[in-house]
Amino acid sequence: MSFLSYLINGISLGSIYAIIALGYTMVYGIARMLNFAHGDIIMVGGFAIFTIVSTMGLPPFLGILVAVAVCTVLGVTIERVAYRPLRGASSLAVLITAIGVSYLLQNMALLIFGSNARQFTSVVTLPNLKLADGALTISSVTIVTIISCIVIMAALTSFINKTKIGQAMLAVSEDNGAATLMGIDVNRTIAITFAIGSALAAIAGALLCSTYPSLTPYTGSMPGIKAFVAAVFGGIGSIPGALIGGILLGVIENLSKAYISSQLSDAIVFSVLIIVLLVRPTGILGRKINEKV
Amino acid sequence: MNKNKVRMQNGITYAIVVGCWILVQIMDKTGHMTSLLRGILVPLCMYSILAISLNLTVGILGELSLGHAGFMCVGAFSGAFLTKCLENLLPNLQLRFFLAILIGAAVAGICGILIGIPVLRLKGDYLAIVTLAFGEIIKNLINVMYIGLDKSGFHFSIKDTMSLGMDETGVVIIKGAQGITGTPKASTFLIAVVLLLITLFIVLNLIHSRTGRAIMSIRDNRIAAESIGINITKYKLMAFSISAALAGVAGVLYAHNLSTLAATPKNFGYNMSIMILVFVVLGGLGNIRGSMIAAVVLTLLPELLRGLNDYRMLIYAVVLIVMMLFNSSPRAIELRSVLLERFRRKKEPAAKEAA
Amino acid sequence: MAMLEVKNLGISFGGLKAVDDFSVAIEKGQLYGLIGPNGAGKTTIFNLLTGVYRPDTGTILLNGQNITGKKTIEINQCGIARTFQNIRLFKDLSVLDNVKAGLHNHYRYSTVEGILRLPRYYKVEKQMDERAMELLKVFDLDGEWDYKASNLPYGKQRKLEIARALATEPKLLLLDEPAAGMNPNETAELMETIRFVRDNFDMTILLIEHDMKLVSGICERLTVLNFGQVLTQGETSEVLNDKRVITAYLGE
């Protein structure tokens, strides 16, 4: 029974990673950049909800709505101000700028909210689920997280395959230059990608802080890195890859915490990543790229 | 000619370091040295060594590494471990420190080879994430490591002090997450400067040699380098492990600048690796002197901004973003060249008239 | 015995036979042309000869030594050097250093000798400088020795690539469209240079080219490739008058 509980919690944690990883993967697929500040957008989302729900005492759904709005605007603004001027510059330059943005967000949060951890009130108010005569308790947050992840995946997949904007996103990720020639507004497409990624980060923030209810300016940093690992794990640029990578990562992390050592769980997660990449250098679902001679 | 130009450029780089050392001595003698500044002298050299060594991987070899702090961590712990172990055998601290530096460099260099063999087959962002992963693994492993020494020899455990099973003479040297306590404070500014000069000597001479040429040819075009018979794996590994060994030296310097050594996310985590990378990129890829200057300026900046207290890291972040935009944005580069052109045109007619 | 003997070479990519049953024999000192329409598999043959791809079938003999399936560096050390259709210079290195990189395996000193600047470093570097300048002179690049390679004009970049390949002291030189992007004057000059290299460096040359003036001007024998297969091979004049060749290029 305890194994099942660890497994379900792992899937739940993995679902959060997967939602964050989506943001990484979409941005990478389309703009070919590692948006290091993505993890900190989660934190901003968390603080937005905290302000609305805990400070102002408004209902949680309103908090989520505001967080999504704030993060979307923030994501688009960051893209417009910091990343767009660097289009065409080396990927390393963009990476460092993203790191700068990450520092900026962390330190702004530090100024506004201070460095002490804030107690986050869960946005999920449903009762926990008790199975098998109480031997197995699944918290409502866990269930909501897994369901949200499934819904988001399904919605995103159909958005990309069925809508014009989604098709434009695919086209830009395939070949930026050709997409421009076909009359696709690349800048607009990238901005939309950032908007979607950031909105998802806000939701991930709500779920993450509901599961681990302690909020600091650095809350988003480590989950961000892990989600980035998950995206690479599954094959960066691939949406199903983000799902698989995220879930696997969450499950491995939780099981190794439970059965091996909680101190070594990160080391185990990273070791698995390394092994996967050595066997499949572009991740589980990544496309193989051959350099033409 | 070219050779002389290189020699002069390298000479300037060494002169800057020596000049700074002299400046510090003068400030010290004339009483202009604040305790804040005094405390940061060794770290400045340490960060410079880290930036220079990372530039070898990122700028010269052209591979993005986000795990440099991991090698620093290995160097720090193996060096400090040695100084602790030899405490009774070798009372001379200077000599012990010297040995620690050699061991730190060697162990970090070997780690570089061991990690490099599997990892350097990957490319670009994948290599970056795997090096980041390795850095985190190293930090994690050191945090669960317990090593003790008693009459019967070394004891090792990954659980706790108790499970080391030592007799009453036993001393715990590495104590898990608490790390090593009571490391002798052997790092001085003079030693740090000498190590920095040695690092510069190694890296600059390496770049302008047959080996350096091979490494840079791989960076510029791997397929062409292969086609002229350059052993890609060998030279990639060489650059990577030398870079790791030098990071190890910086680690030993770090370990002996404090009285306790513990691996935390702050000193040996990916954030440190990223910070070193920032030095390298802002100093200019492949520009060794630039790395050094960027390391010094960006380490001093938050200290100089200390008066601004809470705002200093915010300002640091803004400065970083603005500098990147100004340095790398295609539009900014265009704007700069236009301005330069205008400036030249203004000068030219004036020169003609004068003639 | 021929210097290069290729028998029944073949490779396919995802079911498509890019090169099929390709055989050729090139004598020492020959200037041999490989022609054919775009996509015929010419560059693929170069990639097979230099170990970029491993052939599915066939053997490659260089001076009787079997080099099939060897790695690119090993093949270079056996004596085959090449240039690339899309120029691949070490763009951030100087013109001189590009050639010196080519000298890598023939002028040696250890990394430690290099770092410590031991006497051997100075001695060998001087020899390398002299040899590299000699090679640059052949291609009239000695005046630009300290330019960054990427700052050279296009035609000179192609020449520098040949100089770099020659620096590895090959027995067989493979040139992939050396005249691409050159104007008629530059091409005429290049023809002279190629002949000069063959005569003075005792070189065997296999080249891919679309410029028929260059091909008919300097190649002694030709192989025509179409859809990965040999259409015909023989003396240049015979081959160029072959009806099938004209059809392959111009269509029915």
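**Exercise 1. Describe how β1(B) and β2(B) are joined and paired.**

Solution. A hairpin of 2 residues connects β1(B) to β2(B). Strands here are DSSP runs of E with at least two residues, helices are runs of H or I with at least four residues, and both are numbered from the N terminus. The model is predicted: local features need pLDDT of at least 70, side-chain atom pairs count only at pLDDT 80 or more, and totals for chains, interfaces and linings use all residues. Residues are numbered from 1 along each chain as its sequence is written, while chains are lettered from A and ligands numbered from 1 in the order in which they are written.

Next, take the pairing. β1(B) covers residues 146-150 and runs antiparallel to β2(B), with 5 bridges between them; two strands pair if DSSP finds at least two bridges. Asp150(B) faces Gly153(B) of β2(B).

**Exercise 2. Decide whether β2(B) is largely buried or in the open.**

Solution. A residue is buried if 20 or more other C-beta atoms lie within 10 Å of its own, exposed if 12 or fewer, and partly exposed in between, with C-beta atoms placed from the backbone. β2(B) has 5 residues, 153-157, and the number buried is 0, so the strand lies largely in the open.

**Exercise 3. Check the length of α12(B) against the helix rule.**

Solution. The expected span is 1.5 Å times one less than the number of residues. For the 17 residues 288-304 of α12(B) this gives 24 Å, and the end C-alpha atoms are 24 Å apart, which agrees. Buried residues of α12(B) include Ile288(B), Arg289(B) and Leu298(B).

**Exercise 4. Describe the side of chain A that touches chain B.**

Solution. Residues are in contact if their C-beta atoms, placed from the backbone, lie within 7 Å. The contact involves 38 residues of chain A and 34 residues of chain B. On chain A, α4 (91-113), α9 (221-234) and α11 (265-279) each give at least two residues. The largest share, 12 residues, belongs to α4(A). By type, the side of chain A has 28 nonpolar, 9 polar and 1 charged; Ala, Val, Leu, Ile, Met, Phe, Trp, Tyr, Cys and Pro count as nonpolar, Asp, Glu, Lys and Arg as charged, and the others, Gly among them, as polar.

**Exercise 5. Compare chain C with the globule rule.**

Solution. The rule is 2.2 Å times the number of residues to the power 0.38, with the radius of gyration taken over C-alpha atoms. For 252 residues a compact globule would have a radius near 18 Å; chain C has 19 Å, which agrees. Buried residues are 42% of chain C.

Terms used:
Two residues are in contact if their C-beta atoms, placed from the backbone, lie within 7 Å.
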